[in-house]
Amino acid sequence: MASSEEDGTVEEKENNNKKRTKSALATAWLTFYNIAMTAGWMVLAMAMIRFYIQKGTHKGLYRSIARTLKFFQTFALVEVGHCAIGMFLSEDLSQNKNKSAPLQLLNVVLSLCCAAGIVRTSVIVTGVQVCSRIFMVWFITNSIRPIQNEESVILFLVVWTMTEITRYSYYTFNLLHHLPYFIKWARYNLFIVLYPLGVIGELMTIYAALPFVRRSGMYSMRLPNIYNVSFDYYYCLIIVMLSYIPLFPQLYFHMLRQRRRVLHGEVIVEKDD
């Protein structure tokens, strides 16, 4: 009996050590990721400021930062990959007793922990946020050069930059257990204004792209063709614009609920997706 109990204790210790190792590795990776993304968006912010000071105009600004923007925004796809990884870790990580984890790993990048049960944030919310940004960068602004000097492009770029610097720095300081209150305040207050402004900028940019897309027929497939499939990118963009009507309120009110929970300590019960 004594031997059996001793074996059980040893096995339990080994399991606990494995869990701590996995948790430490996840925290180390997330800390590195968030520091890198914070630095990347700060580089973008400084590049935009420097361009405007030197040129005195926003025209040409997008092309000057396009490569950096595409890299860091596309790199955010890693956040969706975290979801899949988290599914395999859910049983072990859900045992984590670190009560600060839900505040540390609250949003997009942290889909690893969302799926793993540390943070109950919808994987769908994460996917929509990341993929919509990548769509705007690659399939709208980067692909349609005539709209790159539109004021609406600068609007959503400024909003994205402010939002991401605040968001990633929030995650970084939280993971390091040294979260300044002004970062926490900014994370859960600036979005109230920035999110609607970003959506306005994105919608105005897509709207500005519609005439060019219709004239050029870009990304469209006309019948007859060998695939016997018809696709009109013009109407696809209209559908994308209309999709903001149901999607934006969900994302916005989700953030408002998180704001009440984090800043005011309210207990918010959300349904699992």
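## Helix crossing and aromatic pairs

The axes of H7 and H9 come within 8 Å and cross at roughly 145°. Axes here are lines fitted to C-alpha atoms, for helices over the stretch in contact, with angles from 0 to 180 degrees between N-to-C directions. The model is predicted: local features need pLDDT of at least 70, side-chain atom pairs count only at pLDDT 80 or more, and totals for chains, interfaces and linings use all residues. Residues are numbered from 1 along each chain as its sequence is written, and side-chain values use heavy atoms, with hydrogens and water left out.

**H7 against H9**

- On the H7 side, the contact residues are Ser 152, Val 153, Leu 155, Phe 156, Val 159, Trp 160, Met 162 and Thr 163.
- They meet residues of H9 including Leu 194, Tyr 195, Ile 200, Glu 202 and Met 204; contact means heavy atoms within 4.5 Å.
- The contact divides into eleven nonpolar, five polar and one charged residue. Nonpolar covers Ala, Val, Leu, Ile, Met, Phe, Trp, Tyr, Cys and Pro; charged covers Asp, Glu, Lys and Arg; the others, Gly among them, are polar.

**Aromatic pairs**

- The structure holds 18 aromatic pairs. Rings of Phe, Tyr and Trp (its six-membered ring) pair if their centres lie within 6.5 Å; planes under 30 degrees apart are stacked, over 60 edge-to-face, the rest tilted.
- Tyr 33 and Tyr 168 pair edge-to-face, at 6.2 Å centre to centre and 65° between the planes.
- That pair links helix H1 (residues 2–55) to helix H7 (residues 151–175), across 135 residues. Helices are DSSP runs (H or I, at least four residues), numbered from the N terminus.
- Tyr 33 is buried at 0% relative accessible area, and Tyr 168 is buried at 0%. Buried means under 20%, exposed over 50%, partly exposed in between (1.4 Å probe, protein chains only).
- Phe 139 and Tyr 219 are edge-to-face because their planes lie at 70°, with ring centres 6.1 Å apart.
- Phe 139 is in helix H6 (residues 123–141) and Tyr 219 in the loop between H9 and H10, so this pair ties together parts 80 residues apart in sequence.
- Phe 139 is partly exposed at 38%, and Tyr 219 is partly exposed at 41%.

**Cluster and charges**

- One aromatic cluster includes Trp 29, Tyr 33, Phe 72, Tyr 168 and Tyr 188.
- The charged end of Arg 167 sits over the ring of Tyr 168, 4.3 Å from its centre. The criterion is NZ of Lys or CZ of Arg within 6 Å of the ring centre and within 35 degrees of the ring normal.
- The charged end of Arg 187 sits over the ring of Tyr 188, 5.3 Å from its centre.

How values were computed: Helices (H or I, at least four residues) and strands (E, at least two) are DSSP runs, numbered from the N terminus.
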